[in-house]
Amino acid sequence: MYNPTVARLTYRALLGRRRAAILFVLPALLILISAAVRSFNGADDQVAADLLGGFAIATMVPLIGVIAGTGAIGPEIDDGSIVYLLAKPVKRPTIIFTKLIVAIAVTMAFSAIPTLIAGYILNGNGQQIAVAYTVAALVASIAYSALFLLLGTVSRHAVVIGLVYALVWETLFGSLVPGARTLSVQQWSLALAEKIGGSEIITSDVGLPLAVVLLVVVTGLATWYAGQKLRTLKLAGEE
């Protein structure tokens, strides 16, 4: 199911000079803000939770997911270069699975690691806050990568739609509107963070069992449907 050649090409596309520069901006900003907050406020558990939840999980992770998930396949479809890959003797579900693994790895690297570093800067992992939000970032990275990879296979405007979803639905509605929180990857991931860090500091509107089921179902369905869409993509000369 995993193809090293497809993975190498995808990593090269995602970590090119311009895209890599964009990927570094938000993690660097999170760490800088965390260092500034710690220097002015000292170690404060609630401040750490607010910053990691409000910036890292609600904003940074979905935005990096957009860049990695759509960038893993969207540009190849848009410029037509995907036909060269599809012409190879590689099963199309294998292409999707490989690109998903790469997108997940990139999203995790640029979101979970900075979240852990920021958490230790803010309060030295007091009350397991740094670890809790890091686990949330890891889990959210999987779901976002699958969703945005699917988006990259079905729309030429995947980046725009993904940004609207990340900034409007996840950051705004997913944080403020009670009914929308149940359908938010952010809240699903926070359910795991709440289990690790405790409900006194970290809260989620979704129970842990439901959150786990939704994460698995959404990730699985998005990956399957992306494979189906790529399977139906016709090459020139195909009937």
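In which hand does helix H1 pass helix H6 where the two cross? In this predicted model, H1 passes H6 in a right-handed crossing. Two packed helices are described by the angle between their axes and by the distance between those axes. For H1, which covers residues 4–14, and H6, which covers residues 92–123, the angle is about 40° and the axes lie 9 Å apart. The two helices, H1 and H6, are therefore oblique to each other. On the side of H1, the contact is formed by Val-6, Ala-7, Thr-10, Tyr-11 and Leu-14, while H6 contributes Ile-95, Thr-98, Lys-99, Val-102, Ala-103, Ala-105 and Val-106. When these residues of the contact between H1 and H6 are sorted by class, 9 are nonpolar, 2 are polar and 1 is charged.

Helix H6 also packs against helix H7, and here the angle is about 150°, with the axes 8 Å apart. Because angles over 145 degrees count as roughly antiparallel, this value makes H6 roughly antiparallel to H7. The crossing of H6 and H7 is right-handed, and their contact contains 17 nonpolar, 9 polar and 1 charged residues.

Helix H7, residues 129–154, in turn packs against helix H10, residues 185–197, at an angle of about 155° and with an axis separation of 8 Å. H7 is therefore roughly antiparallel to H10, and H7 passes H10 in a right-handed crossing. The residues of H7 that take part in this contact are Val-131, Ala-132, Tyr-133, Val-135, Ala-136, Val-139, Ala-140, Ala-143, Tyr-144 and Leu-147, and they meet Val-185, Gln-186, Ser-189, Leu-190, Leu-192, Ala-193, Ile-196 and Gly-197 of H10. The contact of H7 with H10 holds 15 nonpolar and 3 polar residues, and no charged residue is found in it.

At least two lining residues of the second largest pocket are supplied by each of helix H3 (45–71), helix H4 (74–79) and helix H8 (158–176). Among the contributors to this lining, H3 provides the largest share, with 4 residues. By class, the lining of the second largest pocket is made up of 6 nonpolar, 5 polar and 3 charged residues.

Note on methods:
Residues are numbered from 1 along each chain as its sequence is written. This is a predicted model: local features need pLDDT of at least 70, side-chain atom pairs count only at pLDDT 80 or more; totals for chains, interfaces and linings use all residues. Side-chain values use heavy atoms; hydrogens and water are left out. Axes are lines fitted to C-alpha atoms, for helices over the stretch in contact, and angles run from 0 to 180 degrees between N-to-C directions. Angles under 35 degrees count as roughly parallel, over 145 as roughly antiparallel, 65 to 115 as roughly perpendicular and the rest as oblique. A crossing is left-handed if the near helix is turned anticlockwise from the far one by less than a right angle, and right-handed if clockwise. Contact means heavy atoms within 4.5 Å. Ala, Val, Leu, Ile, Met, Phe, Trp, Tyr, Cys and Pro count as nonpolar, Asp, Glu, Lys and Arg as charged, and the others, Gly among them, as polar.
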